[in-house]
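Subject: Structure for your review

Dear colleague,

Please find below the structure that I am handing over to you. My findings follow it, and I would be grateful if you read them with the model open.

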Amino acid sequence: MLENDAVKEIYESDLLDIDPVALREAEKTFAQGILDTMAGKQVASALYEDTRVVVLMSDGSEYYFYGFMGEAKR
């Protein structure tokens, strides 16, 4: 079967050799870049969905965050 061969090829490839720490840092940097563009804007609402967080701004723009979710206690 072609599909199974393609999946096996992907599974056996280097694509799965991802450094989780480097991926987390890259995602954090990406999220920070998005947050920096939000400076001076007003958040109208935020939605927590199954796979992402959607931040809706008062000017109608929307920002999506995937994977980089955490909590900090102050």
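A residue is called buried when its relative accessible area is under 20%, exposed when that area is over 50%, and partly exposed in between. Val43 has a relative accessible area of 46%, and is therefore partly exposed. Please note that this is a predicted model, so the values in this message are all computed from it.

If neighbours within four places in sequence are left aside, the contacts of Val43 are Met38, Val55, Leu56 and Met57. Val43 and Val55 are twelve residues apart along the chain, and 7.0 Å separates their C-alpha atoms.

The overall plan comes next. The chain contains two helices and three strands, and their order along the sequence is α-α-β-β-β. Of the 74 residues in the chain, 12% are buried. The chain exposes about 6500 Å², and 56% of this area is supplied by carbon and sulfur atoms. Of the contacts between residues at least 6 apart in sequence, 21% join residues at least 24 apart.

How are the strands arranged? They form an open sheet of three strands in the order 1-2-3, with antiparallel pairing. Strand 1 (43-48) and strand 3 (62-65) are at the edges; each has a single partner strand, so one side of each has no neighbour in the sheet. From one strand to the next, the twist averages 15°.

Strand 1 and strand 2 are joined in the antiparallel sense over five bridges, and they form a hairpin with four residues between them. Within this pairing, Leu47 stands opposite Val54 in strand 2. Strand 2 (residues 53-57) also pairs with strand 3, again in the antiparallel sense, over four bridges. Here Leu56 stands opposite Glu62 in strand 3.

Is strand 1 largely buried or in the open? Strand 1 has six residues and the number buried is zero, so this strand lies largely in the open.

Which residues make up the largest nonpolar core? There are eight of them: Ala31, Ile34, Met38, Val53, Val55, Met57, Tyr63 and Phe65. Helix 2 (20-37), strand 2 and strand 3 each supply at least two residues of this core. Strand 2 gives the largest share, with three residues. One member of the core, Phe65, deserves a look in the viewer. Not counting residues up to four places away in sequence, Phe65 touches Ala31, Ile34, Leu35, Met38, Thr51, Arg52, Val53 and Val55.

Finally, a word on confidence. The mean pLDDT of the chain is 80, and 72% of the residues score at least 70. Among the elements of the chain, strand 1 has the highest mean pLDDT (94), whereas helix 1 (residues 2-12) has the lowest (67).

Yours sincerely,
A colleague

Key:
Residues numbered from 1 in each chain as written. Predicted model: local features only at pLDDT ≥ 70, side-chain atom pairs only at ≥ 80, totals over all residues. Heavy atoms only, no water. Buried < 20%, exposed > 50% of the residue type's maximum accessible area, 1.4 Å probe, protein only. Contact = heavy atoms within 4.5 Å. Areas by Shrake-Rupley, 256 points an atom, 1.4 Å probe, with all protein chains shown as cover. Pairing = 2+ DSSP bridges. Axes fitted to C-alpha atoms, helices over the stretch in contact; angles between N-to-C directions. pLDDT = per-residue confidence, 0-100. Core = buried A, V, L, I, M, F, W, Y, C linked by side-chain atoms within 4.5 Å.
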